[in-house]
Amino acid sequence: MQISAKADYAVRALAELAADTGRPLTCEAIATSQDIPFRFLKAVFRDLRQAGLVRSQRGCEGGYWLARDPAETSLADIVLAVDGAFLTLRGERLDDLGYRGPAAGLPGVWRGMEAHVRQVLTSTALSDLVRERLAA
């Protein structure tokens, strides 16, 4: 299984925002703090803003804030905002996957795996991550 760089960067960036809610943080500051490529992070923030997970303000006092309480934002919300799915097979969703013959049961295995990933990500809030209380 592979976690996309986009999902990893998005969760790490929002963890930075959740850890410091008193002021907006710039994309540059988050990129530096988390060792994330700045240009890539700007694209990630565009997806997060469109999903309503962050808000932004321009200018010298500008930057990014969380748009929701970290306790009400699950890691699933973040992953779906940037990737659109929890698990794909060769870039395709698992919805219409079907195999023939001896491999006919394999799509059920992949869907089961996706369900477990969904459960872990849904049950872990951004606030849990920041407090280092990850769901196991």
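**View 1. Ala76 and the residues it touches.** Leaving aside its neighbours within four places in sequence, Ala76 is in contact with Phe86, Leu121 and Thr122. This is a predicted model, and here it brings together Ala76 and Leu121, which sit 45 residues apart in sequence but 4.6 Å apart in space, going from C-alpha to C-alpha. Ala76 belongs to helix H4, which covers residues 75–83. Is Ala76 buried or exposed? With a relative accessible area of 4%, Ala76 is buried.

View 2. Tyr9 comes from helix H1 (residues 5–19) and Phe40 from helix H3 (residues 38–50), so the pair ties together parts that lie 31 residues apart in sequence. Look at how much of each residue is covered: Tyr9 is buried, at 16% relative accessible area, while Phe40 is partly exposed, at 35%.

**View 3. Phe45 and Tyr64, a stacked pair.** Here the ring centres of Phe45 and Tyr64 are 4.1 Å apart and the planes are at 20°, so this pair counts as stacked. The cut-off behind that word is an angle under 30 degrees. Which parts of the chain does the pair link? Phe45 is in helix H3 and Tyr64 is in strand E2 (residues 63–66), distant parts of the chain with the two residues 19 apart. Phe45 has a relative accessibility of 0% and counts as buried. Tyr64 is buried as well, with a relative accessible area of 10%.

**View 4. Arg55 over the face of Trp65.** This one is a quick look at a charged residue and a ring. Arg55 lies over the face of Trp65, and its distance from the ring centre is 4.7 Å.

**View 5. The buried side of helix H2.** Helix H2 takes in residues 27–34, and its buried residues are Cys27, Ile30 and Ala31. Those three cover an arc of only 100° around the axis, which puts them on the same side of H2.

View 6. Follow the chain out of H2 and you come to Asp35, in the loop between H2 and H3. The thing to spot is its backbone: phi of Asp35 is near 55°, a positive value in a residue other than glycine.

View 7. Side chains of opposite charge can pair when their charged atoms come close. A search of the whole structure finds six salt bridges, among them the one between Asp8 and Arg12, where the closest N and O atoms are 2.9 Å apart. Both residues lie in helix H1, four residues apart, or about one turn of the helix. Asp8 is partly exposed at 33% relative accessibility, and Arg12 is partly exposed too, at 23%.

**View 8. Arg23 paired with Asp20.** Here is another salt bridge, with 2.9 Å between the closest N and O atoms of Arg23 and Asp20. How covered are the two partners? Arg23 is partly exposed, with a relative accessible area of 47%. Asp20 is also partly exposed, with 25%.

**View 9. Arg118 and Glu114 in helix H5.** The side chains of Arg118 and Glu114 meet in a salt bridge, at 4.0 Å from N to O. Both belong to helix H5 (residues 106–123), and because they are four residues apart there, about one helical turn separates them.

Notes. Residues numbered from 1 in each chain as written. Predicted model: local features only at pLDDT ≥ 70, side-chain atom pairs only at ≥ 80, totals over all residues. Heavy atoms only, no water. Buried < 20%, exposed > 50% of the residue type's maximum accessible area, 1.4 Å probe, protein only. Phe/Tyr/Trp six-rings, centres within 6.5 Å; stacked < 30°, edge-to-face > 60°. Lys NZ or Arg CZ within 6 Å of the ring centre and 35° of its normal. Arc of directions from axis to C-beta. Contact = heavy atoms within 4.5 Å.
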